[in-house]
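Hi there,

Here is the model I promised to pass on, for you to open alongside this email. My notes on what turned up follow below it.

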Amino acid sequence: MATAKNRSGRLRVWLWLALLIAAALAIAWVIWGEGLRKTGEAGTAYAAHVACSCRFIAGRSLEDCAKDKLEGMELVRLSEDPVAKSVTASIPLVVSDTATYREGYACVLAEWER
(Lines give C-alpha, C1' and ligand atoms only; values in the text may rest on other atoms or scores of the structure.)
Protein backbone atom coordinates (compact mmCIF):
# COMPACT_ATOMS: atom_id res chain seq x y z
CA MET A 1 0.00 0.00 0.00
CA ALA A 2 2.85 2.42 0.79
CA THR A 3 4.35 1.80 -2.66
CA ALA A 4 1.14 2.76 -4.46
CA LYS A 5 0.91 5.87 -2.28
CA ASN A 6 4.51 6.85 -3.18
CA ARG A 7 3.82 6.38 -6.90
CA SER A 8 0.70 8.48 -6.65
CA GLY A 9 2.61 11.25 -4.88
CA ARG A 10 5.41 11.21 -7.46
CA LEU A 11 2.90 11.30 -10.29
CA ARG A 12 1.22 14.30 -8.70
CA VAL A 13 4.59 16.08 -8.41
CA TRP A 14 5.38 15.38 -12.10
CA LEU A 15 1.96 16.60 -13.18
CA TRP A 16 2.38 19.86 -11.23
CA LEU A 17 5.88 20.29 -12.65
CA ALA A 18 4.57 19.78 -16.21
CA LEU A 19 1.78 22.28 -15.56
CA LEU A 20 4.26 24.81 -14.18
CA ILE A 21 6.53 24.42 -17.23
CA ALA A 22 3.56 24.79 -19.60
CA ALA A 23 2.45 27.95 -17.78
CA ALA A 24 5.97 29.40 -17.94
CA LEU A 25 6.15 28.71 -21.68
CA ALA A 26 2.75 30.33 -22.22
CA ILE A 27 3.80 33.44 -20.28
CA ALA A 28 7.08 33.62 -22.23
CA TRP A 29 5.15 33.40 -25.51
CA VAL A 30 2.83 36.23 -24.44
CA ILE A 31 5.82 38.40 -23.48
CA TRP A 32 8.21 37.62 -26.37
CA GLY A 33 6.10 35.87 -29.01
CA GLU A 34 5.03 38.94 -30.99
CA GLY A 35 8.60 40.23 -31.20
CA LEU A 36 9.83 36.80 -32.28
CA ARG A 37 7.12 36.62 -34.95
CA LYS A 38 7.94 40.07 -36.35
CA THR A 39 11.69 39.48 -36.30
CA GLY A 40 11.07 36.03 -37.73
CA GLU A 41 9.07 37.48 -40.62
CA ALA A 42 12.01 39.62 -41.68
CA GLY A 43 14.48 36.78 -41.19
CA THR A 44 12.48 34.18 -43.10
CA ALA A 45 11.71 36.59 -45.95
CA TYR A 46 15.42 37.40 -46.27
CA ALA A 47 16.46 33.74 -46.05
CA ALA A 48 13.86 32.59 -48.61
CA HIS A 49 14.88 35.27 -51.11
CA VAL A 50 18.63 34.68 -50.74
CA ALA A 51 18.28 30.88 -50.81
CA CYS A 52 15.98 31.00 -53.86
CA SER A 53 18.51 33.14 -55.72
CA CYS A 54 21.34 30.87 -54.64
CA ARG A 55 19.46 27.74 -55.66
CA PHE A 56 17.73 28.70 -58.90
CA ILE A 57 19.95 31.49 -60.25
CA ALA A 58 23.41 30.41 -59.05
CA GLY A 59 22.53 26.71 -59.39
CA ARG A 60 23.97 25.65 -56.03
CA SER A 61 22.45 22.90 -53.89
CA LEU A 62 20.09 23.92 -51.09
CA GLU A 63 22.50 22.45 -48.54
CA ASP A 64 25.28 24.68 -49.90
CA CYS A 65 22.92 27.69 -49.92
CA ALA A 66 22.12 27.10 -46.24
CA LYS A 67 25.72 28.04 -45.47
CA ASP A 68 24.89 31.62 -46.55
CA LYS A 69 22.53 32.21 -43.61
CA LEU A 70 23.64 35.02 -41.34
CA GLU A 71 24.71 34.57 -37.73
CA GLY A 72 21.62 34.37 -35.54
CA MET A 73 19.53 32.57 -38.17
CA GLU A 74 20.11 29.09 -36.75
CA LEU A 75 16.38 28.54 -36.18
CA VAL A 76 15.53 29.19 -39.84
CA ARG A 77 14.94 25.99 -41.81
CA LEU A 78 15.04 25.87 -45.61
CA SER A 79 13.08 23.60 -47.94
CA GLU A 80 12.64 23.64 -51.68
CA ASP A 81 10.05 22.73 -54.26
CA PRO A 82 12.07 22.05 -57.42
CA VAL A 83 8.95 21.80 -59.61
CA ALA A 84 7.65 25.23 -58.55
CA LYS A 85 11.24 26.57 -58.34
CA SER A 86 10.58 27.92 -54.86
CA VAL A 87 12.32 27.94 -51.51
CA THR A 88 10.50 28.20 -48.19
CA ALA A 89 12.27 29.49 -45.10
CA SER A 90 10.57 28.84 -41.79
CA ILE A 91 10.94 29.07 -38.06
CA PRO A 92 8.88 26.06 -36.99
CA LEU A 93 5.57 26.92 -35.29
CA VAL A 94 6.25 30.67 -35.69
CA VAL A 95 6.44 31.94 -39.28
CA SER A 96 7.42 30.99 -42.83
CA ASP A 97 7.98 32.75 -46.16
CA THR A 98 8.37 31.47 -49.70
CA ALA A 99 10.30 32.92 -52.63
CA THR A 100 9.67 31.62 -56.15
CA TYR A 101 11.91 32.00 -59.19
CA ARG A 102 10.09 33.75 -62.05
CA GLU A 103 11.73 34.15 -65.44
CA GLY A 104 12.53 37.81 -66.02
CA TYR A 105 11.90 38.74 -62.37
CA ALA A 106 14.39 36.54 -60.51
CA CYS A 107 13.14 35.36 -57.08
CA VAL A 108 9.94 36.94 -55.85
CA LEU A 109 8.57 36.65 -52.33
CA ALA A 110 5.01 35.44 -51.85
CA GLU A 111 2.68 38.26 -50.87
CA TRP A 112 2.19 38.61 -47.13
CA GLU A 113 -1.39 38.31 -45.97
CA ARG A 114 -1.88 40.85 -43.18
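Let's start with strands E3 and E4, which pair in the antiparallel sense over 4 bridges. Strands here (E, at least two residues) and helices (H or I, at least four) are DSSP runs, numbered from the N terminus, and two strands pair if DSSP finds at least two bridges between them. Please keep in mind that this is a predicted model, in which local features need pLDDT of at least 70 and side-chain atom pairs count only at pLDDT 80 or more, while totals for chains, interfaces and linings use all residues. Residues are numbered from 1 along each chain as its sequence is written, and side-chain values use heavy atoms, with hydrogens and water left out.

The sheet

E3 and E4 belong to an open sheet of 4 strands, in the order E1-E2-E3-E4, with antiparallel pairing. The edges are taken by strand E1 (77–81) and E4, and each has a single partner strand, so one side of each is left without a neighbour in the sheet. From one strand to the next, the twist averages 25 degrees; for such angles, axes are lines fitted to C-alpha atoms (for helices over the stretch in contact), and the angles run from 0 to 180 degrees between N-to-C directions. As a reminder, strands of a sheet pair through backbone hydrogen bonds, either parallel or antiparallel.

E2 and E3 also run antiparallel and are joined by 6 bridges. On the E4 side, Ala-99 stands opposite Leu-109.

The turns and the positive phi values

E2 and E3 form a hairpin with 3 residues between them. Leu-93 is found in that loop, between strand E2 (86–91) and strand E3 (95–102). Its phi is positive, about 70 degrees, although Leu-93 is not a glycine. Most residues other than glycine have a negative phi. Leu-93 counts as exposed because its relative accessibility is 90%; the cut-offs are under 20% relative accessible area for buried, over 50% for exposed, and partly exposed in between (1.4 Å probe, protein chains only).

The hairpin of E3 and E4 has 3 residues between the strands, and there Gly-104 takes a positive phi near 90 degrees. Gly-104 is exposed, with a relative accessible area of 70%. From Gly-104 to Met-73 it is 31 residues in sequence and 29 Å in space, C-alpha to C-alpha.

Ala-106, in strand E4 (residues 106–109), is a residue other than glycine with a positive phi, near 70 degrees. At 30% relative accessibility, Ala-106 counts as partly exposed.

What is the relative accessible area of Asp-97? It is 6%, so Asp-97 is buried. This residue sits in strand E3. Its side chain is joined to that of Thr-44 by a polar contact of 2.6 Å (a pair of N or O atoms within 3.5 Å; within protein, one must be able to donate a hydrogen and the other to accept it, and residues adjacent in sequence count only if both atoms are side-chain atoms). A polar atom of the Asp-97 side chain also lies 3.4 Å from the backbone nitrogen of Ala-45.

Thr-88 in strand E2 is partly exposed, with a relative accessible area of 22%. Thr-88 and Ala-47 are 41 residues apart in sequence, yet 8.4 Å apart in space, C-alpha to C-alpha.

The cavity

A search of the whole structure finds 1 cavity of 30 Å³ or more. On a 1 Å grid over the protein atoms alone, a cavity is a set of points where a 1.4 Å probe fits but cannot get out, and lining residues have an atom within 4 Å of a point. The largest cavity has a volume of about 50 Å³, a volume being the space filled by probe spheres set on the points, which are joined across faces, edges and corners.

Its lining residues are Tyr-46, Ala-47, Val-50, Ala-51, Cys-65, Asp-68, Lys-69, Met-73 and Leu-78. Helix H1 (residues 2–56) gives the largest share of the lining, 4 residues. By class, the lining has 7 nonpolar, no polar and 2 charged residues (Ala, Val, Leu, Ile, Met, Phe, Trp, Tyr, Cys and Pro count as nonpolar, Asp, Glu, Lys and Arg as charged, and the others, Gly among them, as polar).

Best wishes

Conventions: 1 Å grid on protein atoms, 1.4 Å probe; cavity = no way out; pocket = protein on both sides within 12 Å on 5 of 7 lines; lining within 4 Å.
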